[in-house]
Amino acid sequence: MFVKLPKKLYYSIGEVAEAFDVNTSLIRFWEKEFNVLKPKKNAKGNRLFTPEDIKNLELIYYLVKERGFTLEGAKTHLKEQKQQTLDTFDIIRKLERIKAQLLEIKEHL
């Protein structure tokens, strides 16, 4: 899964939850569980996620939802092998985009 969000400096928790097709409560839960997620908060206390937060959320989603890691397993994996996982994840995202483009081309043939 790759998330499609418009390029912005900050995203609301609602936008993030919708992009990942999950509840806002799951985003808040992951924020508490994973120290790599550090959204800013405005004066009202609303969370504002940066593009870096989105990338980390994509990685967490990939490990937990797609690879089937437990939360503890995902935390350990992020601590011990974050760069390797990021490299692999980046390759997978690129391949998914290429696949989507190829399917789009196929539809137009």
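Buried means under 20% relative accessible area, exposed over 50% and partly exposed in between (1.4 Å probe, protein chains only). The model is predicted: local features need pLDDT of at least 70, side-chain atom pairs count only at pLDDT 80 or more, and totals for chains, interfaces and linings use all residues. Residues are numbered from 1 along each chain as its sequence is written, and side-chain values use heavy atoms, without hydrogens and water.

**View A. Leu95 on the surface of helix α4.** Helix α4 (residues 71-107) contains Leu95; helices are DSSP runs of H or I with at least four residues, numbered from the N terminus. Leu95 counts as exposed because its relative accessibility is 52%.

**View B. The largest nonpolar core.** A nonpolar core is a set of buried Ala, Val, Leu, Ile, Met, Phe, Trp, Tyr and Cys residues joined through side-chain atoms within 4.5 Å. The largest one has 26 residues, and those touching the most other members include Val16, Phe20, Trp30 and Phe49. Helices α1 (13-20), α2 (24-33), α3 (51-66) and α4 each supply at least two residues of this core, with the largest share, 8 residues, coming from α3.

**View C. The aromatic cluster of Phe20, Trp30 and Tyr61.** Rings of Phe, Tyr and Trp (its six-membered ring) pair if their centres lie within 6.5 Å; planes under 30 degrees apart count as stacked, over 60 as edge-to-face and the rest as tilted. The whole structure has 2 aromatic pairs. Phe20 and Tyr61 are tilted, at 5.8 Å centre to centre and 45 degrees between the planes. Phe20 lies in α1 and Tyr61 in α3, so this pair ties together parts 41 residues apart in sequence. Trp30 and Tyr61 have ring centres 6.5 Å apart and planes at 75 degrees, so they are edge-to-face.
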